Structure formats: C-alpha cells, structure tokens
Amino acid sequence: MKSLVEHIRVTGREMLPIETANQIDFLPLGQREPLLWEKFDLASAKFAELIRHLAESQVYLDPTLTVDESDFVLGAEEQRKNANNSALPLEWVKFAESQQSPLFEVPAALKETARKGFKKRKEFVAMLRNRRKTDGSCCFQLRAWLKAIIPPVQKDSGGLPSKPAIVHAGFYFLGLTHRAGPQSIGAVLVSIAADRGYGQSVGEVGGHFCTR
Amino acid sequence: MVDSPERARSAVNFLADQGVDFVKVYNNVTEPVLAEIIETARQRGLIVAEHIPRSMMMTRRSTLA
C-alpha cells in the first residue's frame with residue numbers, strides 16, 4: 001500500500017534563501033503561494049532534487065490542479081460560467097462559494113502573479129510526469145484526483161472541476177476518489193470530458209484509489 | 001487529538017476496526033506521528049491520503065514511504 005500526498009506544497013524554506021523564505025512562508029495562502037511560485041526556479045538544482053526524491057519515493061502525488069486553478073486563477077464568477085461546471089447544480093456552486101476562506105483570497109495586486117504561478121505549477125507537474133516517462137524505475141505516480149466540491153457532505157475546501165487544467169498538464173483521468181457521491185459527480189465529469197473531446201483520456205471512475 | 005505515535009497507532013487501528021477505506025491526515029501532525037500513521041495503516045492494509053504536515057518540507061515528506 002502507498003500513501004497519497006495531496007497538493008503541491010513546496011515551501012520557501014526548501015527552495016529560496018532563508019531571508020526571502022521568512023518573508024513569505026508565513027503569509028496567508030492566497031498571498032504566499034503566488035509570491036513563492038513567482039520566485040521559484042524550476043530549473044534549479046533544488047527542484048531537480050525534489051523531483052528526484054518524489055520519483056524515488058513510494059509516494060503518490062495528487063497535485064490537485066483543480067484546487068489550485070480555483071484558488072489562484074478563477075474567480076467565483078468565472079467558475080460559475082466555466083463550461084466544465086455547467087452541468088453542476090447551482091446549489092453545489094453556491095455551496096462551493098460559501099466555503100471560501102479569506103485565507104485563500106488572492107489580493108487584486110497579486111492576481112497576475114497568481115496566474116503565472118499556476119502556469120508554473122503545471123510545468124512542475126509536467127516535469128514530474130516527464131521524469132516518470134523517461135525513467136522506468138521511478139516509483140512515484142501522479143494521480144489526477146479530481147478534488148471537487150461534493151455538497152452537502154463534502155466539507156473540505158476544494159476547487160470546482162476544471163478538466164483543461166489537468167489536461168494541459170498531461171494527465172489522464174484515472175479516478176475520482178471521494179467516497180461521497182463519486183459515481184454521480186464522476187458521471188458528470190466523464191460526460192463533460194467526452195463532450196469536450198477528452199474521451200480518450202477518461203479512465204476509470206470509481207469509489208476507490210487506483211493502485212499500481 | 002493524535003499527538004504522539006502511540007495515539008496515532010491507536011487511532012489508525014480504531015479506524016481500521018470500523019472498516020474505513022482509507023485514512024486522511026491533515027496539516028497539524030508531527031513527523032513521528034505521520035510515520036506511525038503510515039506504518040500502522042500499511043499493516044492494516046489502508047492507504048493514507050494526506051496534506052504534507054506544516055512541520056515538514058515536501059522533499060523530506062517524500063522520504064517517508
């Protein structure tokens with residue numbers, strides 16, 4: 001059995017000079033993450049080391065790009081209008097919006113930085129994926145856990161599903177792992193993906209983790 | 001509150017006895033506690049899904065299988 005790490009959570013103190021990290025690492029998430037990813041150098045030796053560690057570990061990584069896109073790129077109005085969410089009941093969307101915390105709010109002055117940072121996150125995920133692709137000995141696996149809001153039982157924060165964010169990073173839709181209502185929302189996601197031409201990328205949708 | 005490896009082991013065993021499918025860990029655990037959760041879960045055939053604890057870096061976390 002493996003463990004599954006959710007979210008790309010790279011801290012400043014592991015990638016940046018400590019003086020810089022100390023100014024950013026303790027900020028609220030909505031400020032911290034854009035500022036960190038603005039400064040991260042994906043070509044640095046430290047990122048190469050992180051990727052190597054992940055590749056050699058037995059840890060599954062769920063990058064939760066849907067959550068990141070929700071937090072850093074899409075505003076509430078954009079999410080509501082997003083074609084991927086058009087099949088969701090309005091009450092689900094309203095529930096998701098009601099769960100927003102001020103800690104996750106990206107200040108207006110950092111919106112563009114956050115958008116660029118999200119792009120960099122996807123590049124990082126692509127680097128992980130490419131590492132696996134070129135090194136057959138790697139153990140880590142990326143999991144496109146579509147961590148979507150599933151009201152009313154899902155109290156965790158999370159992003160509304162946006163498949164392009166995952167597709168752009170080169171993912172396949174392997175599964176939807178929430179226990180609460182995975183079949184129903186999974187069906188929605190799969191049908192949307194098929195409609196949008198991602199049919200070949202849609203894999204299993206089930207109520208359990210995919211294992212190697 | 002799971003604040004020691006002993007309590008971590010006890011909590012995971014309790015959950016396993018209830019028939020859960022996996023164990024979810026959030027941010028506020030220490031590395032020894034997380035290590036014990038992972039090990040006990042492994043022994044009980046459960047997957048651990050987690051946020052990286054605030055006390056750990058991602059690189060360090062990847063060394064705990």
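Visitor: Which way do the residues of strand β2 (residues 59-62) of chain A point, and are they buried or exposed?
Guide: V59(A) and L61(A) point one way, Y60(A) and D62(A) the other way. All of them are buried. Keep in mind that this is a predicted model.

Visitor: How many bridges join β1(A) to β2(A), and do they run parallel or antiparallel?
Guide: There are 4 bridges, and the two strands run parallel.

Visitor: Which residue in β2(A) is the bridge partner of L4(A)?
Guide: Y60(A) is the partner there. L4(A) also stands opposite A49(B), in β2(B).

Visitor: What does β2(B) pair with inside chain B?
Guide: β1(B), through 4 bridges, and the two run parallel. V23(B) has V48(B) as its bridge partner in β2(B). For F22(B), the partner in β2(B) is I47(B).

Visitor: Which residues make up the covered face of β1(B)?
Guide: In strand β1 (residues 22-25) of chain B, V23(B) and V25(B) form the covered face. F22(B) and K24(B) form the uncovered one.

Visitor: Switching to helices. How far apart are the end C-alpha atoms of α1(B)?
Guide: They are 20 Å apart. Helix α1 of chain B covers residues 5-18, which is 14 residues. At 1.5 Å a residue it should span 20 Å, so the two figures agree.

Visitor: What follows α1(B)?
Guide: G19(B) does, and its phi is positive, near 90 degrees.

Visitor: How do α1(B) and α2(B) pack?
Guide: Two packed helices are described by the angle between their axes and the distance between the axes. α1(B) and helix α2 (residues 31-43) of chain B pack at about 30 degrees, with axes 8 Å apart. The crossing of α1(B) and α2(B) is right-handed.

Visitor: Which residues meet there?
Guide: From α1(B), P5(B), A8(B), R9(B), V12(B) and N13(B). From α2(B), P32(B), V33(B), E36(B), I37(B), T40(B) and A41(B). The residues of that contact divide into 7 nonpolar, 2 polar and 2 charged.

Visitor: Chain A as a whole, then. How many helices and strands are there?
Guide: Chain A has 10 helices and 3 strands. Along the sequence the pattern is β-α-α-α-α-β-α-α-α-α-β-α-α.

Visitor: What share of chain A counts as buried?
Guide: 38% of its 212 residues. As for contacts in chain A with a separation of 6 or more, 79% are between residues 24 or more positions apart.

Visitor: Now L36(A). Where is its place, and why does L36(A) count as buried?
Guide: L36(A) is in helix α3 (residues 29-39) of chain A. It counts as buried because it has 22 C-beta neighbours inside 10 Å, and the cut-off is 20 or more.

Visitor: Leaving aside neighbours within four places in sequence, what is L36(A) in contact with?
Guide: G12(A) and I24(A). S70(A), 34 residues from L36(A) in sequence, is 18 Å away in space, C-alpha to C-alpha.

Visitor: One more, F104(A). Where is that?
Guide: F104(A) is in the loop between α7 (90-98) and α8 (111-134) of chain A. With 16 C-beta neighbours inside 10 Å, F104(A) counts as partly exposed.

Visitor: And which residues does F104(A) contact, neighbours within four places aside?
Guide: L29(A), G30(A) and D71(A). L128(A) is 24 residues from F104(A) in sequence and 26 Å from it in space, C-alpha to C-alpha.

How values were computed: Residues are numbered from 1 along each chain as its sequence is written. Chains are lettered from A and ligands numbered from 1 in the order in which they are written. This is a predicted model: local features need pLDDT of at least 70, side-chain atom pairs count only at pLDDT 80 or more; totals for chains, interfaces and linings use all residues. The expected span of a helix is 1.5 Å times one less than its number of residues. A residue is buried if 20 or more other C-beta atoms lie within 10 Å of its own, exposed if 12 or fewer, and partly exposed in between; C-beta atoms are placed from the backbone. Two residues are in contact if their C-beta atoms, placed from the backbone, lie within 7 Å. Axes are lines fitted to C-alpha atoms, for helices over the stretch in contact, and angles run from 0 to 180 degrees between N-to-C directions. A crossing is left-handed if the near helix is turned anticlockwise from the far one by less than a right angle, and right-handed if clockwise. Ala, Val, Leu, Ile, Met, Phe, Trp, Tyr, Cys and Pro count as nonpolar, Asp, Glu, Lys and Arg as charged, and the others, Gly among them, as polar. Two strands pair if DSSP finds at least two bridges between them.
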